[in-house]
Every structure is written in structure tokens, then in C-alpha cells.
Amino acid sequence: MKTSFKRILAIVLSACMMLSLVSCGEEAEVDYLTDLTDQSLTYTLDELYDIETETLYAADYELPALYKYFEGLCNIGVAFTSDQIVDLEDDITKSILKHYRVYTLGNELKPDHVNPSEGEYNFDDADAFVEFGQLTDATLRGHTLVWHSQVPDWWFKADPSDESSLEDCLANGTLATSDQLIERMQEYITTVVTRYADTIDIWDVCNEVLNDSGTGVRGINDSSYWSYIIGDLDGDGYSDDYIQIAFEAARAANEDAVLMINDYNMEWSSAKCQQMYNLVLRMFEKGVRIDGVGFQSHIELDCNVETYRQNLELIASLSDLYDEYFPEYAGNFRITITELDMDMFIGSNSDGGYYVWSDEEFEQQAEKYAELIDMFLDFADEGVIDTIIFWGTDDENSWLNSTPKIRRNASLLFDRDLSVKPCFYSIAEAALTHVSG
Ligand code: GLA
């Protein structure tokens with residue numbers, strides 16, 4: 001990884017050198033950092049319809065940059081992993097730099113990656129990602145500090161070197177104490193957030209803290225040890241104090257960061273959304289400033305856009321409360337669409353295998369994406385949704401090819417060969433034709 005990154009820097013340097021040659025009258029070269037896209041493109045509907053008739057690929061110079069369609073509306077981002085940063089000749093690397101201006105670290109800042117054993121911190125991949133982001137001044141999203149998944153088991157054990165499973169520790173009474181877990185969490189958050197205080201502006205402090213039944217915070221029966229071990233410290237009847245402690249530690253490490261809470265299924269589960277509302281409000285009441293809610297938005301092709309809109313409205317209504325509780329920061333509360341992709345199989349149990357999608361099915365996907373984006377932009381108009389982030393660079397590089405089972409999925413804007421899918425154009429068109437209100 002480090003080697004690849006050094007290669008990128010070498011290429012960047014040579015690109016800069018080429019630019020200076022240009023100014024000396026030599027043959028013009030493309031500066032990949034600032035000019036991955038034909039600058040004469042006008043981002044009009046007519047031009048979009050023209051371009052749509054060509055066969056283009058994600059990194060093609062003639063293809064407009066997606067984020068440009070959204071200028072003045074909202075930011076457009078992508079999640080990827082540091083192994084996708086190859087060099088500036090690589091099409092995936094180029095497509096990231098070209099289309100998106102917000103980058104989420106896909107795996108590099110998950111605690112099992114960073115802190116696999118006591119006293120061991122591994123920042124190589126996160127550092128490389130961050131340096132890459134700085135090439136284009138992208139906004140970086142740190143993902144994620146506290147989660148029940150991709151977290152090292154040792155955090156939850158009384159003795160970090162205990163090799164028994166967490167289930168056995170639970171049965172044997174050898175789980176960590178509340179104090180132990182709090183101390184480990186605080187040390188971790190302080191170390192990580194402080195390290196990136198100048199480079200990572202936004203953190204998903206807590207991920208997926210709500211249970212699937214829509215009744216509240218995830219507990220021991222929902223594969224999370226957090227609330228079970230740390231418990232209800234202030235006796236208010238809610239075992240959500242670990243969330244408060246996590247936000248307080250992150251805030252202490254970076255006063256200016258945007259600190260968010262992120263969860264899934266909120267687009268369709270109004271019960272879960274209500275729990276998110278209740279939780280964030282409880283935190284406000286305790287003086288904990290949560291700057292926004294992330295709707296992961298791993299949606300399916302049949303996503304109900306109206307239900308989604310109503311659920312967004314509920315969370316958007318926290319904005320006024322945020323202003324009341326934290327007047328100094330009024331206007332800062334936001335919703336981010338953090339992990340958008342569209343499963344082309346409806347229902348997790350349907351088969352799929354190596355399904356080949358028809359043009360009609362890709363058109364259906366394009367229509368659904370356009371409908372959603374138009375709805376998101378209504379919230380962007382009100383200053384509530386600030387950013388839309390796609391979870392993955394292309395259909396080959398999507399978690400949906402292996403979850404919930406191995407089957408070829410087609411959830412993103414570029415096909416496996418990076419050819420541009422109809423939904424890229426429909427999303428661009430939705431941005432161009434969006435009418436406020
Ligand atoms: C969740 C997590 C992400 C990622 C995706 C699947 O949504 O928040 O970090 O693991 O699942 O790739």
C-alpha cells in the first residue's frame with residue numbers, strides 16, 4: 001500500500017512538472033489532479049442527452065464529473081478502501097478523483113483493523129487513504145469509532161489475552177467490567193480522533209446502535225456487548241450511556257469535528273427511525289452535541305420513496321431542537337446519506353447467482369435512483385441533507401456481491417467493466433432538473 005502511494009506521489013510530481021513544461025510552451029498534457037474531465041463540458045441537459053448516446057467508461061475524459069452536476073445542491077461522495085488507490089493511470093483511482101469530493105474510509109478506521117490487540121495500533125492504511133484524499137482536498141469521513149461489528153473481541157474481555165469466545169466469557173463471567181470497557185473506548189477514540197484532527201472533519205462516532213425490532217438500543221441479544229457491559233450509568237432507564245461517553249471522548253479530541261450517528265434500515269423502518277429520534281433527543285437533553293444522523297441507505301430496487309421521505313422528515317425535525325439546545329452551533333445539524341447503493345434483488349433470500357440484467361431492469365434502477373435523488377435534493381434545498389455518498393466505486397467492488405450471499409449484484413453507477421450505467425445519467429439528470437420545493 002505504501003509503495004502504491006509513493007507511486008502516486010511520484011506521478012503527481014511528474015504531472016506538476018509536465019504543467020511547468022506546458023507553461024514553457026511544450027506540448028499540453030492532462031494534469032490528472034485538476035483535469036480528469038474535459039473542462040469545456042457545460043453540464044446542460046442537451047449535453048447530457050448527447051453524451052448518453054455514447055459508450056463511455058467511468059474514467060473517460062469525455063465523461064462529465066458527477067459531483068459537478070450537484071454543485072450548489074449538495075456534496076457527492078464515495079466509500080472505498082485503500083487497496084483501490086493504485087496510481088493515477090488506474091481507472092478506478094481516476095474515477096474516484098474525478099466524480100466525488102467526499103471520501104469515506106471503507107475499512108481502514110474500523111477498530112479491528114486499527115487496534116487488533118492490546119497496545120497495537122495500525123494506521124498505515126488509514127494514513128495512506130488520508131494522504132490520497134488530501135491530493136484533491138476531498139472532505140474525509142472517519143468511519144467508524146464504535147460499532148458492534150468489526151471490533152476486536154479483546155475490548156470486551158476482562159483479560160485481553162483470554163482466548164475464549166465472547167459467548168464463553170459471558171457464560172463464565174469473564175467479560176470486561178464497565179470501567180474497563182469505558183477506559184479502552186476512551187483511549188481508542190482519543191488516540192484515533194486526535195491523530196486525524198487536522199485531516200478528518202467528520203466522524204461516524206457510533207454505527208448501528210439501534211436494534212432491528214425498532215424498540216431501542218441494540219443489546220446482548222442483538223450481537224452487541226456495548227450496552228450490556230457499560231449499562232445504564234445515570235439511572236435514567238436507558239442503557240445508552242456508552243453512546244454519550246463515545247461522543248464526549250470524540251468531542252474532547254476534536255472540538256470542531258462534525259460528529260454523527262449512523263444506522264441502517266431507517267429509510268423503511270419508521271419504528272427504527274423513531275428510536276433514532278428519541279435517542280438523539282435524549283443525548284441533546286444531556287448536553288451531548290450530535291451534529292447529524294447518517295442514513296446508510298442500503299436500499300432495494302422497490303424502495304418506497306414516500307416512506308423514506310417521511311422518515312427523513314422526522315429526523316430533520318431534530319434540527320430545530322439542536323438549534324435550541326446548542327444555539328452557538330445553530331444551523332449545523334445535518335442528515336447525510338452515508339452508504340447509498342441499490343440491491344437489484346428484492347428480498348435477502350431471493351436467488352441470484354450470475355444473473356444478467358436486462359436493459360429494462362437497468363432502466364428501472366435508473367428511475368428509482370432519480371426519484372430518490374430528487375427527494376434527497378428537497379432536503380438539501382432546506383439545508384438538511386448535505387452529502388450523498390455511494391457505498392462503493394462500481395458493481396464489481398460492492399459488498400452486495402457477497403452479502404447476504406454470494407451472487408452477482410449491480411447496485412452502483414458503473415458496471416463491472418466501469419462502463420457508465422443508465423443510473424449515472426438519470427442521477428445527473430435528476431440534479432439538473434431538480435426544482436426547489
Ligand atoms: C455497514 C457498515 C459499513 C460496511 C457496510 C457493508 O453498512 O456501516 O461500514 O461494512 O455495512 O460493506
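**Reading pockets and a helix crossing**

Modeller: About 220 Å³ of space lies in the second largest pocket. The model is a predicted one, in which local features need pLDDT of at least 70, side-chain atom pairs count only at pLDDT 80 or more, and totals for chains, interfaces and linings use all residues. Residues are numbered from 1 along each chain as its sequence is written, and side-chain values use heavy atoms, without hydrogens and water.

Biologist: Which residues line the second largest pocket?

Modeller: Rolling a probe the size of a water molecule over the atoms shows where empty space is left. A pocket is an open set of points on a 1 Å grid over the protein atoms alone where a 1.4 Å probe fits, with protein on both sides within 12 Å along at least five of seven lines; lining residues have an atom within 4 Å of a point. Here the lining includes F80, K110, W391 and W399.

Biologist: What is the volume of the largest pocket?

Modeller: A volume is the space filled by probe spheres set on the points, which are joined across faces, edges and corners. For the largest pocket it is about 660 Å³. Of its 28 lining residues, Y264, N265, H298, W399 and L400 are the closest to the centre.

Biologist: At what angle do the axes of α8 and α10 cross?

Modeller: Axes are lines fitted to C-alpha atoms, for helices over the stretch in contact (heavy atoms within 4.5 Å), and angles run from 0 to 180 degrees between N-to-C directions. Helices are DSSP runs (H or I, at least four residues), numbered from the N terminus. Helix α8 (residues 178–195) and helix α10 (residues 241–253) cross at roughly 30°, with axes that come within 8 Å. The contact includes I182 and M185 of α8 and Y242 and I245 of α10.

How values were computed. Helices (H or I, at least four residues) and strands (E, at least two) are DSSP runs, numbered from the N terminus.
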